[in-house]
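Please look over the sequence and the predicted model together, and keep both in view while reading the report that follows.

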Amino acid sequence: ERFDLDDLILRVSSRTGLTKTETMTGVEAVLLTLREAVDRKEFNDFMSQLPVEFTRLLQSPNPPRAV
C-alpha cells in the first residue's frame, strides 16, 4: 500500500500516541540511521522507492560517508 509522508505521520502518530512533531522526528531519525548504516547506493535505491517528499526530512540526501 502506497501513501505519502503526511499519511505515514498520521498513521504512526495515531498508533503510538506521539504528537505529529515527535513522529516526524522519529521518522527522520530512522532515515538518518539507515543512511549511516548502509552504503550510498543501497540508501539511494531505498529512497527512490519512496515519494520525493520523504527526502525533505534529510538535510543532505547524499552526505560523504566516513571510511
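Where the two helices meet, Leu5, Leu8, Ile9, Leu10, Val12, Ser13 and Thr16 in α1 are in contact with Lys20, Thr23, Met24 and Val27 in α2, contact meaning heavy atoms within 4.5 Å. One of these residues, Ser13 of helix α1, is buried, with a relative accessible area of 13%; buried means under 20%, exposed means over 50% and partly exposed lies in between, using a 1.4 Å probe and protein chains only. Leaving aside residues up to four places away in sequence, Ser13 touches Leu18, Thr19, Lys20 and Thr23.

Leu31, Leu34 and Arg35 in α2 meet Phe43, Phe46 and Met47 in α3. Elsewhere in helix α2 is Ala29, which is partly exposed, with a relative accessible area of 38%. The C-alpha atom of Ala29 is separated by 9.3 Å from that of Leu58, 29 residues apart along the chain.

## Rings and a charge

How many aromatic pairs are there? The count comes to 1 aromatic pair, under a rule that pairs rings of Phe, Tyr and Trp (its six-membered ring) if their centres lie within 6.5 Å, with planes under 30 degrees apart counted as stacked, over 60 as edge-to-face and the rest as tilted. Phe43 and Phe46 form this tilted pair, at 6.4 Å centre to centre and with 40 degrees between the planes. Both residues lie in helix α3 (residues 40–48), 3 residues apart, about one turn of the helix. Phe43 counts as buried at 3% relative accessibility, whereas Phe46 counts as partly exposed at 34%.

Arg11 lies over the face of Phe3, at 4.1 Å from the ring centre; for a charge to sit over a ring, NZ of Lys or CZ of Arg must be within 6 Å of the ring centre and within 35 degrees of the ring normal.

## The chain as a whole

The protein chain has 3 helices and 0 strands, where helices (H or I, at least four residues) and strands (E, at least two) are DSSP runs numbered from the N terminus. Of its 67 residues, 22% count as buried. Among contacts with a separation of 6 or more, 48% come from residues 24 or more positions apart.

Residues are numbered from 1 along each chain as its sequence is written, and side-chain values use heavy atoms, with hydrogens and water left out. As the model is predicted, local features need pLDDT of at least 70 and side-chain atom pairs count only at pLDDT 80 or more, while totals for chains, interfaces and linings use all residues.
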